[in-house]
Amino acid sequence: MEWPVNEVQQSIIADECEDEAINTGLEFVQEFTEEVKRNVEPIEVARNPFSHPWEEGNLVLVVNGVKLHLHRFMLTLSSPVFNTMLKSESKETSNAEITLPGKDADDILNLLKQLYPQERDEITMDNVERFLKLAEEYQIKTVLDLCATCLRNEPKTKDNAMKILLLVQKYRLSYVGDDCRNVLAKLSLQRLEKYKEFSDLNGENLRAILLPGMRRLEKTVKELSPQVSGMVAFAMWLSSQGRKDMMWCPVHIPNGKPRVSIRECLQTCPVCEKVIESLASNTIERQHRAGKGLLKSIASSFEYVYTDFKDDHFDSNFNSVVKNMFDLVD
Ligand SMILES: [Zn+2]
């Protein structure tokens, strides 16, 4: 293509180019503005599939200024509360506009999206409580069941089991939280009482959590009791073999051989009680305390301790602990 040569033609072309440049620039600015507009729309509106009438919608809910275009039958079928509300407020209006005062638009939008399967967002541990609160208020069983499924599928740990169980309890969900109870039943009472929600548990959940532990404890104490008694008798025999100067109870434990059960010894005879106490005190070890210098070494060269290794010990508290154990067995 050849370029025009005369001045008039040059001028015309220059003008056209300028116009085109301006137009192109304007189009670009317009497009850019639209793009910016799309991106800065409020989240709840951008995610709102009900912002315009669709599929012959015949109901508008207005929540905090946000309009939600819906279908009357979807709400009346899903919620007895909406059913009553819609019947009473707009019997003769086919395209009713109803305001829900005091509600969060985002929460109501998310709830209503659950009624339209194609619009559903996932219910997660982060939002399940908000869903439960509204689903209960509007008695929407579908959403309550979806929440129950979310809570059921969540892997249970000691960090979430109490919270999940209380949600199940509060909203009387179809899922009863057996796996939460199982996780909690394995914890000590001391640990359970650290949950701030512990006192909110109802009787049924408390029984389910506490009874297994109590049964386990009772069984263990029953099994432990004769074993401990046997160990005490054995310790007496060992002492009688190794220490000829031990003082025994002439009635119940002559020469270190019990004639009655250790339980009876402890519960009925003060002399036997002293004998058993002496078993513990006889395990005192003489520990050399390392000191620097002769004088210091002589001044504190020995100290007396009962057998004590990390958490294990055998000390003067033994008698009262064993007595308590015998009491628990009854
Ligand atoms: Zn005695």
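Student: Which helix lies across β1 and β2, and at about what angle does this helix run to β2?

Tutor: The model is a predicted one, in which local features need pLDDT of at least 70 and side-chain atom pairs count only at pLDDT 80 or more, while totals for chains, interfaces and linings use all residues. Residues are numbered from 1 along each chain as its sequence is written.

The helix is α5, residues 105-115, which lies across β1 and β2 and runs at about 10° to β2. Helices (H or I, at least four residues) and strands (E, at least two) are DSSP runs, numbered from the N terminus. Angles run from 0 to 180 degrees between N-to-C directions, with axes fitted as lines to C-alpha atoms, for helices over the stretch in contact.

Now the strands under discussion. β1 and β2 belong to an open sheet of three strands, in the order β2-β1-β3 and with mixed pairing. Two strands pair if DSSP finds at least two bridges between them. At the edges are β2 and β3 (96-99), each of which pairs on one side only. Ignoring direction, neighbouring strands of this sheet are turned by 25° against each other on average. Strands of a sheet pair through backbone hydrogen bonds, either parallel or antiparallel. β1 and β2 run antiparallel and are joined by five bridges. One of the bridges links Leu59 to Leu70 in β2.

The loop between β1 (59-63) and β2 (66-70) holds Asn64. Most residues other than glycine have a negative phi. Asn64 is not a glycine, yet its phi is positive, at about 50°. Asn64 counts as partly exposed because it has 15 C-beta neighbours inside 10 Å. On this scale a residue is buried if 20 or more other C-beta atoms (placed from the backbone) lie within 10 Å of its own, exposed if 12 or fewer, and partly exposed in between.

Arg172, in the loop between α8 and α9, also has a positive phi, near 45°, and is a residue other than glycine. Arg172 has 10 C-beta neighbours inside 10 Å and therefore counts as exposed.

Ala161, Met162, Ile164 and Leu165 of α8 make the contact with Cys180, Arg181, Val183 and Leu184 of α9. Contact means that two residues have their C-beta atoms, placed from the backbone, within 7 Å.

Where they meet, α11 contributes Val221, Lys222, Leu224, Ser225 and Val228, and α15 contributes Val322, Met325, Phe326, Leu328 and Val329.

Finally, the whole chain. It has 15 helices and seven strands. Of its 330 residues, 18% count as buried. Among contacts between residues at least 6 apart in sequence, 47% join residues at least 24 apart.
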